[in-house]
Amino acid sequence: MTIHYGTLNQDVHSVNSNGHSTNKVKMKSDEKRPLLDNESQSDSTEVQNDDTVLDLSKPINTAGSTKVADYNPILNRDLEHPTSNFDTMIHLLKGNIGTGILAMPDAFRNSGWLVGIIGILFMGAICTHCMHMLVECAHELCRRTQLPFLSFAEVAELAFETGSETSKKYAKVAKSVINVFVCVTQIGFCCVYFVFVAANLHDIVKHYFVDINVHWYLFIILFPMVFINWVKNLKYLTPVSLFAAILTVSGLIITFVYVLQDLPKIETINAVSTWVQLPLFFGTAIYAFEGIGMVLPLENNMKTPQDFGGWTGVLNTGMVIVACLYTAVGFFGYLKYGDIAKLGSITLYLPPEEILAQSVRLMMAVAIFLSYCLQFYVPFNVIWPPLRGKLPTEKWRYYGEYACRTVLVIITFLLATAIPNIGSVISLVGAVSSSALALIFPPLIEIVTFYPNKLGKNNWILWKDIFIMLFGFVGFLFGSYVSILNIVYPEA
């Protein structure tokens, strides 16, 4: 899920009265678009507006400019189809509830039920705080640059560009790094979706017909996956997305019906697991809180964005619901299935002899298959525009776009084929990419944005952000290491 923002054009220079070169940044606002673009990148048009030129030769986070202070980005957003609070809540829940919630029993198996409950709530609180952090930094940078909204990568770029003289050198690098991690994360999600659909179809066909290697199912769904991702206009996929959401909710309800029957005593499962397994819990848990990339698009597209933050705002309310669902699925799933809960999806533990249980597998497989397009849309719109500019004619660009979409889908297919283990893929993607986007970059952006005079008494905000970054970095290292070991030596 993505949105287009104002375009940032840099390296505009002027000469001041002393003859020195003064670096300026030239801002230009593109056409405002809805949360899910009605047209593909190649069909977009640009609205010509007056340019605003900002002098960034000096840090402006310490400047007392009345113009900057008085600018309110919320009041300067001209949205064609703004979303209501309820719409935003639905998008937020849908963006955070995917394959990650189905892997929660496996996460609790790797942590123990007590550590799992505390860990999920703790990580949910930190991730939600980082989301608030990102929105606050975006608002501050919008005020400085007189822009109505920014993307995640643009927030990182402007934080460094408007910071100290030292940070200016890393502005382009910061934007590129964010885009790379966004692409890696979303492609990782697409790989998980491939594996999830294939694993559930494998179990259904195995029970009723014949046992075929799961790699064949990956190959079979490759072709329809390519064709559905040839659809450029996402408005044609809106009914498909709604149908997928209905299937997901129905599947979760039926799953809970099975899980809550004949629960064993809590003494049958571990309250605390081993230190070796904890990194896998971290990777799976941080993967599940996968909504950091869509926070700014959602807030930017609201009719009343002032309702997004706050203690009882849309973001906190939605994330509390998400954290409670994760905790419930993880705890009761682990309590019900114990140490056998290691297949990466709770749907794979349901009794195969019952048609209702098999229908859950089919519903969730179809829902995830149909949701692949939304996850795919984000990396495609980062990767394709630079490639499009290198093609000489419109005919080449027309066929080049289809070729790019096909190649990207095939890449996710090949990665899924190499690691046909849902739990391992989820843990690795969470540890490598999600931890960076959700726990490392937001506090770093906050430090750079408000340094040195707006970091609280005794710089408590600085120390808080350093703690969050260290937590994310440690989880990144250990989670990646253990996940890779688990992939290379699955029986170890």
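Author: Tyr287 lies in helix 11, which covers residues 278-288. This is a predicted model. Is Tyr287 buried or exposed? Its relative accessibility is 0%. Buried means under 20%, so Tyr287 counts as buried.

What does Tyr287 touch, leaving out residues up to four places away in sequence? Thr99 and Gly100 are among its contacts. Phe189, Val192 and Tyr193 also touch Tyr287. So do Ile426, Val429, Gly430 and Ser434. Now take Ile101. Tyr287 and Ile101 are 186 residues apart in sequence. In space, their C-alpha atoms are 9.4 Å apart.

Step back to the chain. It has 492 residues, and 54% of them count as buried. Its secondary structure comes to 17 helices and 3 strands. Take the contacts between residues at least 6 apart in sequence: 81% of them join residues at least 24 apart. The chain exposes about 22,000 Å². Carbon and sulfur atoms supply 66% of that area.

A search of the whole structure finds 4 cavities of 30 Å³ or more. The largest cavity has a volume of about 50 Å³. Helix 10 (238-259) and helix 13 (314-337) each supply at least two residues of its lining. Leu252, Thr255, Phe256 and Val259 are among the lining residues. The lining also includes Ala328, Val329, Phe332, Gly333 and Ile346. By class, 7 lining residues are nonpolar and 2 are polar. None is charged.

Methods
Residues numbered from 1 in each chain as written. Predicted model: local features only at pLDDT ≥ 70, side-chain atom pairs only at ≥ 80, totals over all residues. Heavy atoms only, no water. Helix = DSSP H or I, 4+ residues; strand = E, 2+ residues; numbered from the N terminus. Buried < 20%, exposed > 50% of the residue type's maximum accessible area, 1.4 Å probe, protein only. Contact = heavy atoms within 4.5 Å. 1 Å grid on protein atoms, 1.4 Å probe; cavity = no way out; pocket = protein on both sides within 12 Å on 5 of 7 lines; lining within 4 Å. Points joined across faces, edges and corners; volume = space filled by probe spheres on them. Nonpolar A, V, L, I, M, F, W, Y, C, P; charged D, E, K, R; others polar. Areas by Shrake-Rupley, 256 points an atom, 1.4 Å probe, with all protein chains shown as cover.
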